[in-house]
Amino acid sequence: MAHTPQICCLLVEDQVLIGMALQATLEEAGIPIVGPFACAADALACTQQDTPCVAILDYKLKDGPCTELAGALRAQGAPVIIYSGWPHDRETPPELAGLTWLEKPVASADLLQAIATLVPALGSRLLKAAA
């Protein structure tokens, strides 16, 4: 069964306060959130029913790196943003090559710009919210 992208954002972040801050930023911009999830396994189970229009994943989660989750989301056609304190460098797993990588901390406007770039349908709304 094909997954149909919904106008929502899958948020996967294992640090509670960062997850809450991201959730507030995205909801203020008018983006419905699924999550935040602290574990890739929980988020992966959620994506079995619906494909998000975009996903924001911390690299290191409570149950390990997000590589399997990112791969599953890419296979479903969901754009993925890695939002992590870990640098994007030569040690980054090849499975994450080509993904948008934002190093914490990131200004809200930069996060919204990254989403607008990956999901043009949300672009005008997000750019107004970031202004």
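Predicted model: local features only at pLDDT ≥ 70, side-chain atom pairs only at ≥ 80, totals over all residues.
The protein chain contains five helices and seven strands. Read from the N terminus, these elements follow the order β-α-β-α-β-β-β-α-β-β-α-α. The chain has 131 residues, and 44% of them count as buried. Among contacts in the chain with a separation of 6 or more, 61% are made by residues 24 or more positions apart. The accessible surface amounts to about 6,700 Å², and carbon and sulfur atoms account for 55% of that surface.

Helix 1 spans residues 16-28, and Val16 belongs to this helix. Val16 has a relative accessible area of 60% and is therefore exposed, since the cut-off for an exposed residue is over 50%. Together with Leu17 and Met20, Val16 forms a nonpolar patch on the surface. The accessible area of the three residues together is about 350 Å².

Helix 2, which covers residues 40-47, has buried residues at Ala40, Ala43, Leu44 and Thr47. These residues lie on the same side of helix 2, because they cover an arc of only 100° around the axis. An α-helix has 3.6 residues a turn, so residues three or four places apart point the same way.

Helix 3 comprises residues 67-75 and includes Glu68. Glu68 counts as exposed, with a relative accessibility of 59%. Along the chain, Glu68 and Ala41 are 27 residues apart, and their C-alpha atoms are separated by 9.2 Å. Towards the end of the chain, Gly123 is located in helix 5 (residues 120-130). Gly123 is buried, at a relative accessible area of 10%. The C-alpha atoms of Gly123 and Leu112 are 8.5 Å apart, while the two residues are eleven places apart in sequence.

The loop between strand 6 (80-84) and strand 7 (100-103) contains Thr92. The relative accessibility of Thr92 is 13%, so this residue counts as buried; the cut-off for a buried residue is under 20%. When residues up to four places away in sequence are left aside, Thr92 touches Pro87 and Trp101.

Cysteine pairing was examined next. A disulfide is a covalent bond between the sulfur atoms of two cysteines. The structure holds zero disulfides. Cys8 takes part in none, and the nearest cysteine sulfur, that of Cys53, is 5.8 Å away. For Cys9, the closest cysteine sulfur is also in Cys53. The distance from the sulfur of Cys9 is 6.8 Å, which is too far for a bond, because a disulfide requires sulfur atoms within 2.5 Å. Both cysteines are buried: Cys8 has a relative accessibility of 11%, and Cys9 has a relative accessible area of 0%.

Pro36 is part of strand 2 (residues 33-37). Pro105 is located in the loop between strand 7 and helix 4 (108-118).

Lys104 also takes part in charge pairing. Side chains of opposite charge can pair when their charged atoms come close. The count of salt bridges comes to two. In one of them, the side chains of Lys104 and Glu13 meet at 2.9 Å, N to O. This pair links distant parts of the chain, with Lys104 in the loop between strand 7 and helix 4 and Glu13 in the loop between strand 1 (5-12) and helix 1. The two residues are 91 residues apart, and both are buried.

Lys104 forms a further salt bridge with Asp58, where the closest N and O atoms are 3.3 Å apart. Asp58 lies in the loop between strand 3 (51-57) and strand 4 (60-61), and this pair also links distant parts of the chain, at 46 residues apart. Asp58 is buried, as is Lys104. Through shared partners, the salt bridges join Glu13, Asp58 and Lys104 into one network.

Definitions and conventions
Residues numbered from 1 in each chain as written. Heavy atoms only, no water. Patch = residues over 30% accessible without salt bridge, like charges linked within 9 Å, V, L, I, M, F, W, Y side chains within 5 Å. Areas by Shrake-Rupley, 256 points an atom, 1.4 Å probe, with all protein chains shown as cover. Salt bridge = Lys/Arg side-chain N within 4 Å of Asp/Glu carboxyl O. Helix = DSSP H or I, 4+ residues; strand = E, 2+ residues; numbered from the N terminus. Buried < 20%, exposed > 50% of the residue type's maximum accessible area, 1.4 Å probe, protein only. Contact = heavy atoms within 4.5 Å. Arc of directions from axis to C-beta.
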